[in-house]
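This report describes a predicted model.

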Amino acid sequence: MENIAVFSPKEPRSRIQRAMRYGWGRLLQRQELFVALVLLGIGVALSLSTSTFFTNANLLNVALGLSWYVIAAFGAAIVIIVGGIDLSVGSTIALSGMVCAMALQQGLGVPAALLLGLLSGAAIGLANGLLVGHTRLPPFMVTLGTMGITRGLVLSLTGGAPVSRLPAPFLFLGQGELTLGWLAVPLPIVWMLLVAVAVSVLFHQTVLGRYIFTIGRDERAMLAAGISPAHLKTVAYTISGMLAALAGLVMVARLGVAAPMAAYGYELDIIAAAVIGGASLFGGEGSVTGVILGAALIQIMRNGVVLLGLPNQNQWQFVSIGGMVLLVLLLDFWRRRRA
C-alpha cells in the first residue's frame, strides 16, 4: 500500500515550523542570499540614478579592483572561521609587493621574486599564528601589533619611496589578458577565480578544511580528538598571510608600482568583505561565495558614492561600509538566537 503523509490537525504548526527550519526558511536565513539581494538592489538603484554604472568600463574597473580584495578576503575569512581576526592583511599586502618589486629591481627573475613576495607574507602570517595559537594572546592585539611592525618595515625598506619601472613579464601578470575565443578576461580576475576554486576545494574536499570549521564551532571537540587547535590556528594565519601576499603581488603587477603606503586602511574593507559575506565573528561559518559577494557589495558601494558625486566621499564610504557591517552582525546575532 502506498504511503501517504497524513497531517494531524493537532500539529500543523510544528510541521510547518520544521519545514521552514530545514527547507525554504533555512535558505532564506542564509546570509549569502541577503547580501545578493542587497547587491542587486544597489545595482538597480545605481543603474537608474546614474548613466555610467552599467557601462563596460565601469564594471570592468570594479571587477579589477575587486580581484585583490577578494584574494586577501579569503585569507581573512579562514582566520575568522577559526575564531580569530587578522588586522595585518593591509600591511602584508604592501610588504609582499615591495619585497617582490625590490627583488625585481635587483635583477632577480620573476618566479624567484614572486616566491620571495609570497614567503614574506607567509612569514607575517606564521608569526601571527604562533603568537595567537601557542601563547593564547588576543588575536586583535597580536595582529594590531604586527600590522604596525610590518608597515614600519615596508617604509624602512625604501625610505618611504615607491618602486616602479618593473619588468614587462611581471607587469603582464596584472595587466595581461586570457583570451578565450571572443572573450578576453583580465588576468587579475583569472587569479581571483583560481584562488576561489582552491579555497572551495580546501573547505569542502580536505580534512584541513573540516578541521578549520570544527575548531571555530567547538575547540574542545578538537582537543578531545587529539588535534592541536594551536597548530590549526597557526596554519590558518599562515594561509591568510600568503593570500594577502598574493593579493599584493596582483595589485603591484596591475598598478605597475609598489608604494610603501599601499593598501593602507584596506583592513576594514577586507575583514568587512568576509564578515558581510557570512564569515561569522563567532567562528565556524563562512563560504567562498559569501566572500565574493561581500567584497562585491563593498566595491559597488564605494563606486556608487563616487558616481553619485556625494560630498566628502571618503567619509560616506566609511559610513556605508561600517553601517553594513553592523547590520550583518545584527542579522548573524538574530539567526543564532533563532537557531
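Of the contacts in the protein with a separation of 6 or more, 78% are between residues 24 or more positions apart; contact means heavy atoms within 4.5 Å. The protein has 15 helices and 2 strands, taken as DSSP runs (H or I, at least four residues; E, at least two) numbered from the N terminus. Buried residues account for 46% of its 339 residues, where buried means under 20% relative accessible area, exposed over 50% and partly exposed in between (1.4 Å probe, protein chains only).

The model is predicted, with local features requiring pLDDT of at least 70 and side-chain atom pairs pLDDT 80 or more, while totals for chains, interfaces and linings use all residues. Residues are numbered from 1 along each chain as its sequence is written, and side-chain values use heavy atoms, without hydrogens and water.

Asp 86 sits in the loop between α4 (56-81) and α5 (89-105). Asp 86 is buried and has no salt bridge (a side-chain nitrogen of Lys or Arg within 4 Å of a carboxyl oxygen of Asp or Glu). The nearest side chain of opposite charge, Arg 151, is 11 Å away. The side chain of Asp 86 does make polar contacts, tabulated below; a polar contact is a pair of N or O atoms within 3.5 Å, one able to donate a hydrogen and the other to accept it within protein, and residues adjacent in sequence count only if both atoms are side-chain atoms.

| Side-chain partner of Asp 86 | Polar contact |
|---|---|
| Ser 88 | 2.6 Å |
| Ser 240 | 3.0 Å |

Leu 116, in helix α6 (residues 110-135), is partly exposed at 39% relative accessible area.

Technical notes: Lys, Arg positive; Asp, Glu negative; His and termini not counted.
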